[in-house]
Amino acid sequence: MKITRAEVEHVSRLARLALSEAELDSLTGEMDAILDYVEQLKTLDTEGIVPTAHAVPMENAFRPDEIRPGFTPEQALANAPDVAESAFRVSRIIE
Amino acid sequence: MMQGYETVIGLEVHAQMTTKTKIFCGCSTEFGQTPNSQTCPVCLGLPGALPVLNQRVVEFAIKTGLATNCQIAPRSLFARKNYFYPDLPKGYQISQFELPVCEHGWLDIDLEDGKTKRIGITRAHMEEDAGKLMHGDKPETAGSSLVDLNRACTPLLEIVSEPDMRSPEEAIAYLKKLHQIVVYLGVCDGNLEEGSFRCDANVSVRPYGQAEFGTRAELKNINSFRFIKQAIEYEVERQIDLIEGGGKVLQETRLFDSNTGMTRSMRGKEEAHDYRYFPDPDLVPLVIGPEWVEQVRGTLPELPDAKRTRFVEELGLSVYDAEVLAADRALADYFDACATLAKDAKTCANWIMGDVLRKLKETGESIAEAPVSPQLLTGLLARIADHTISGKIAKSVFEKMWQSGQSADQIIAADGLKQVTDTGAIEVLVDEVIAANPDQVSEYLGGKDKLIGFFVGKVMQASQGKANPGMVNQLLKKKLTGK
Amino acid sequence: MTIYDLTMAELRTRLDSREISAVEVTNAYLDRITATGPDINTFITVCTDTAVAEAQAADQALAAGTAAPLTGLPIAVKDIFNATGIRTTCGSRILGNFISPYDATAIARIKEQRAVIIGKLNMDEFAMGSSNENSAFGPVRNPWNLTHVPGGSSGGSAACVSARQAAAALGTDTGGSIRQPASYCSVVGLKPTYGRVSRYGVVAYASSLDQVGPITRDVRDCALLLQAIAGYDPADSTSVNTPTPDYQASLTGDLQGLRIGMPQEYFIEGLDDDVRKALEQAAATYRDLGAEVIEVSLPHTAYAVACYYLIATAEASSNLARYDGVRYGLRADNAENLIDMYMQSRAAGFGAEVKRRIMLGTYALSSGYYDAYYLKAQKVRTLIRQDFLDAFEKVDTLLTPVAPTPAFALGEKVNDPLQMYLSDIYTIPANLAGTCAMSLPCGFSANGLPIGLQLIGKPFDEATLLHTAHAFEQATEWHQRKPEF
C-alpha cells in the first residue's frame, strides 16, 4: 500500500475537503494506484540535476512602485456571498 | 537567572515596508481607509490574477539587510506558504522559504553594564501581509467576523534573530535597535500600535550548562516594548514551573494578554500546520548582482551607531548627549546642520536638547516642523557668543523666535535688547546700587561673599537685563573692595 | 455561401470589402448556436446581447476604416477566461454565479481589435480532464460522432470550431488540453511556448504548465489569432519579453531543407493502427514536400505522465485553495463553524476529478513527501526538457501522434482515472519542456473519427511550427472536411 485510508483522511483535512466514507474508500484506491504508477520516477538517477522551477529561464520581473487604479468597494464585494459594513462576512472567529 | 535556569530568546519582527504600493500589485498601502477600498484582482485573490514584484520592496530589503550586516543573496526565490484562513485570500501567503534575500547578519546591542553584545540575525525575507479580521460590533454583525483586504498584500520584511538573547532587557535592546534602524532607513514607519512593526518572541529555558535548547513557545500579540518584558517574564516563570512540576513545555503558539500579563495557548483553535512550501511558479527568481547591492549601499544614510561615534569623537559631545541626538534621524540632521554653522557643537547640543526639545514637546510639533531652523538657532547662538545679548536674554529671544519665526537679529533690533557692555554705563548703575544698599555693602565687606549675587541681581534689574553680567560682576567687586 | 463555413481569413476579406456586415456574421453564428448548441452542449454562456452590440461597434470601425485583423470576427472562449461582466464558471459549481470584474489580457487584446466574444465554452472542470466529461454542466459531444468525446479539457472549444459555431476559439493547454481535443475534432490547435501568451486573467490550474492558445479551422486562422494574443504582458511575471514575429509571413509553404524528427519513443505498442498509418502517411507527405524526416530519441518520454501528475496536481492544489466561499462562489449554508464551512463548500462545489487532483497534489507537497514526489518530479522535468533541447540540435521540428487513439466513447474511461491520464502521453512532454506544439488534422480512422498529427517546435519558434503545418495543410485536404451537422 502506498497510502492508507487514514493518510487520505489527513490529507483531506489539509485540503479542506469533506469526504464521505464512500469517497474516502474510492480515493484511497485511486491514489494508491496513481502513487504506485509514479514510483517509477525513483528509478531515474537525478543526482546533481537542478529542478526546473520555470520551464523557460527567466529572472527579475518587476513593476515600479506606482499606484494603479483598482476596484471600488462595491466592485470588490460584488461577488461576495455575504457582506456587512463594507467587508466580507464570515461566521465569528474566536482567537 | 531564577533557580539555575537560563532564558533563551529569539525574536521575529515583521516590519511593514513604507512603499506607496503593495508588494505584488499597484494598490495603495495607505492605512485607515474604508474597508476593501484598496483592492484589485491580485490582492483579492480573484481567479486568474497574478503577482508582479514591486522593485522598491527589493531595494528596501537590500537596504535593511546591509544596515544589519547581512549577506544579500545573489539569487533568491519566492515560495508559497499554504494554509486556509479568511484573511488570506489565495489560501496561501507568498513568502520566501529556502532562499531568502538576506542572511547571516548581526546587530550589536548595549548592555546595562556598558558592554556590548552581538545578536545574530539568521535571515530577513520579503512576504505579503494578510488582510484584517474585524469583529462585528453592531447587533446585526455581532456573531460575525468581517474581512477587510486593504492590508492584504502589503509588503513585509520578516527579520529573524538567532536565539542569542538571554534576558528581557537584551530583547528590548535588540528590538529598539532594530526599530531605530528601519525608521532611520525610511523603510518602515515603526508604528507598533498600527501594526507596522510587529514582534513575536520565541522563548525557552534550559538548565545552566546544558548545550541543547529547551522546547520553545512562540509568543504573539505583543504590541509595545513594555509588554515584551512582561510577556517574557511571565512565560519564563510558566515554563520553569511546568518543568519543575514534572511537565513538558509544548512547542506551541501562545497569545499575550496585556490585561492579565499572561500568555495563553492558541492550540485547539488551530491545528498543527503543514505549510507545504514550494517555489511560487507565478514568480521568477530574484537575481541581485553586486552592482545593485553597491548602488543601494550608496544610498544608505549614516546609521545611529556611526552618528553617535562621530558626535562623541569628532564633535566632542558626551555619550549621553550623542545618544539623545542620534536617536532620531531628523533630530540628528538638525543638530548636524547647527554644528556645521556654529562650530561650537556643545552649545548647539545644549540648546537643542534643552530648549528646542522642550518647545517641541509643548507644541506637539516634530523637529521637521520647528519654526526655528538650524540657521535661525545658530544665528541666536552667534549673538550670545559675540556678547550682543546675554544667555538669559537669549532665552526670551528664542521664545519670540519660535512664536514669530523671525531671526534673532530682527527681534534684538525691534526690542532694543542689545547687551550693554559699555563700562561707563554699567559703572553708573553699579554706583547707584551700592549707594542704595549700605547695609548689604557692610555685610559683604564683613565677609558675606555670597551677597555679590544680590548686587549683581540689582544691577541687572536696573539695566533691564541688558548689562553684560560678567562685566557687572567685575565692576561690582572692584567698586566694593577696591580690587 | 454559408457565412459560418467561412474561415476567419475569408470573413476578413468580405467584411473589409463590406460585402457582409459584422452584425450579419454574428447573427449567423448566434442562429447556428441556437440550432446546434444543445446537441453537443458546447456553450455554458451565450453572449447574445453583448455580442450584437460588439458587432455593431465593429461595423462602425469598418465604416470608419479603422478595422483591425480580428474586427467583427465572432470568437468563443473557454470558460476559463475572465471577461468583464460575463459569468465565468471554469466548468465548475464552485464559482457559483461569479461575474468577472476584469478582463484577461488575451481577452483584452482581442477586444481591442473589436472581435466579437460570442460565448463562454464548456470545459473539463478547472481544465482537469481529457474528455470534457468532468464538467458540472454536462459533457460535450464530438460533432463527428455524438456518442464520442470531443477530448479535453478544451472540449467545448474544439467542438465549437469543428461544428462551425464560432469563427475560432481560445482555449488553454496544460497537458494537451488544446491539442488533443483539436485532433479529436479535426481542427487546428496550437499551444504556444510557455511565456509567449499572457496568463493574466486565465484561471490557473498548473501555473508552470498552463498556456493560452488558438483553436481554428486552418493554419492561417491560427497564425492570425496567435498574432493578436501573443506578446509580453507586464501583468504576468512569467511572460517573456521577446519580440513577436509576423506569423502570416512564415506561411510560405517551402519546406526545402527543413529537418523533421520522429521520436521513436512515441511510436510504440499501444498506438492505434489507424493513427500509426496516418502518421506514416504524413511523414511521406513531408518527404514529398522536400523535408528531411529522420528518427530521433527523447529517452525520458515514458516518465512524462508521472512527472506531470505530480507537478500539475501540486500546483493545482495550491491554486484552488482560494475557492473557500469567503469572497466569491459557492458557500455552504449549513456549516457549524469556519473550518466546516470551508470543507462543506469545497466538497459541494468541486467534482470528483478535481478533488482527486487536489488530494494528490496536497499529498505530493506534504511534509515528508515533498522531496520524494514534487522535488523529484521537478528534477525529472529538467531531464525531459533537455531531451527536447538535444533533439532540436538535430532537427527543426518533431512529428508525432497527438493521442494514442482517436476519440473514445463517452463513459469509456471515466472509471479509470489512470487510464485517462495515460492518454495524454504524447502531449504532456511539450508542456513539461515549456516549448510550443500544435495539432492539425491528418486523417480519419476506419470508423470516421478524426486523427491529428502533432508538430513540436523549438522554444519561441512558433513561426517554424506554423510554416511546417501550413505546408502540410496545403498539400492535403483534411482541413476542408467538416462534420455532418
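Modeller: Helices (H or I, at least four residues) and strands (E, at least two) are DSSP runs, numbered from the N terminus. This is a predicted model, in which local features need pLDDT of at least 70 and side-chain atom pairs count only at pLDDT 80 or more, while totals for chains, interfaces and linings use all residues. Residues are numbered from 1 along each chain as its sequence is written, chains are lettered from A and ligands numbered from 1 in the order in which they are written, and side-chain values use heavy atoms, without hydrogens and water.

Colleague: OK, then where does Tyr334(B) sit?

Modeller: Tyr334(B) is found in helix α8 of chain B, a helix that covers residues 329–342.

Colleague: And is Tyr334(B) buried or exposed?

Modeller: Tyr334(B) counts as buried, because its relative accessibility is 7% (buried is under 20% relative accessible area, exposed over 50%, partly exposed in between, with a 1.4 Å probe and protein chains only).

Colleague: What does Tyr334(B) touch?

Modeller: Leaving out residues up to four places away in sequence, Tyr334(B) touches Ile352(B), Val356(B), Ile367(B), Val372(B), Ser373(B), Pro374(B) and Leu377(B), where contact means heavy atoms within 4.5 Å. As for Cys348(B), its C-alpha lies 9.9 Å from that of Tyr334(B), and the two residues are 14 residues apart in sequence.

Colleague: Which other residues of α8(B) are buried?

Modeller: Besides Tyr334(B), the buried residues of α8(B) are Leu331(B), Ala332(B), Phe335(B), Asp336(B), Cys338(B) and Ala339(B). The buried residues of this helix pack against α3 (168–185), α6 (304–313), α7 (319–326), α9 and α10 of chain B.

Colleague: You mention α9; how does α9(B) meet α11(B)?

Modeller: Helix α9 (residues 345–363) of chain B and helix α11 (residues 391–404) of chain B pack at an angle of about 40 degrees, and their axes are 12 Å apart. The two helices are therefore oblique to each other (angles under 35 degrees count as roughly parallel, over 145 as roughly antiparallel, 65 to 115 as roughly perpendicular, the rest as oblique). From α9(B) the contact takes in Trp351(B), Asp355(B), Val356(B), Arg358(B), Lys359(B), Leu360(B) and Thr363(B), and from α11(B) it takes in Ala394(B), Lys395(B), Phe398(B), Glu399(B), Trp402(B) and Gln403(B). By class, the contact of α9(B) with α11(B) has six nonpolar, two polar and five charged residues (Ala, Val, Leu, Ile, Met, Phe, Trp, Tyr, Cys and Pro count as nonpolar, Asp, Glu, Lys and Arg as charged, the others, Gly among them, as polar).

Colleague: And what about α10(B) against α11(B)?

Modeller: Helix α10 (residues 374–385) of chain B packs on α11(B) at an angle of about 160 degrees, with the axes 10 Å apart, and that makes α10(B) roughly antiparallel to α11(B). The contact is made by Leu376(B), Leu377(B), Leu380(B) and Ile384(B) of α10(B), together with Gly391(B), Ala394(B), Val397(B), Phe398(B) and Met401(B) of α11(B). The residues of this contact divide into eight nonpolar, one polar and no charged.

Colleague: Switching to chain C, how covered is α15(C)?

Modeller: Helix α15(C) is mostly covered, with twelve of its 14 residues buried, among them Leu465(C), Leu466(C), His467(C), Thr468(C), Ala469(C), His470(C) and Phe472(C).

Colleague: How does α8(C) pack on α15(C)?

Modeller: Helix α8 (residues 273–288) of chain C and α15(C) pack at an angle of about 100 degrees, their axes 10 Å apart, which makes α8(C) roughly perpendicular to α15(C). Ala282(C), Thr285(C) and Tyr286(C) of α8(C) make the contact with Thr468(C), Ala469(C), Phe472(C) and Ala475(C) of α15(C), and the residues there divide into five nonpolar, two polar and no charged.

Colleague: What is phi at Phe460(C)?

Modeller: Phi of Phe460(C) is near 65 degrees, a positive value in a residue other than glycine. Phe460(C) lies in the loop between β11 (450–457) and α15 of chain C, and it counts as partly exposed because its relative accessibility is 21%. In chain A, phi of Ser86(A) is also positive, near 65 degrees, and Ser86(A) lies in the loop between β2 (83–84) and β3 (87–91).

Colleague: Which residues does the cis peptide bond in chain C join?

Modeller: That bond joins Gly152(C) and Ser153(C), with omega about 10 degrees, and Ser153(C) is in the loop between β3 (116–121) and α5 (155–162) of chain C.

Colleague: Last one, what does Ser318(C) touch?

Modeller: Not counting residues up to four places away in sequence, Ser318(C) touches Arg80(B), Asn82(B), Lys90(B), Tyr92(B) and Phe278(B). Ser318(C) is in helix α9 (residues 304–319) of chain C and, at 2% relative accessibility, counts as buried.

Definitions and conventions: Axes fitted to C-alpha atoms, helices over the stretch in contact; angles between N-to-C directions. Expected span 1.5 Å × (residues − 1).
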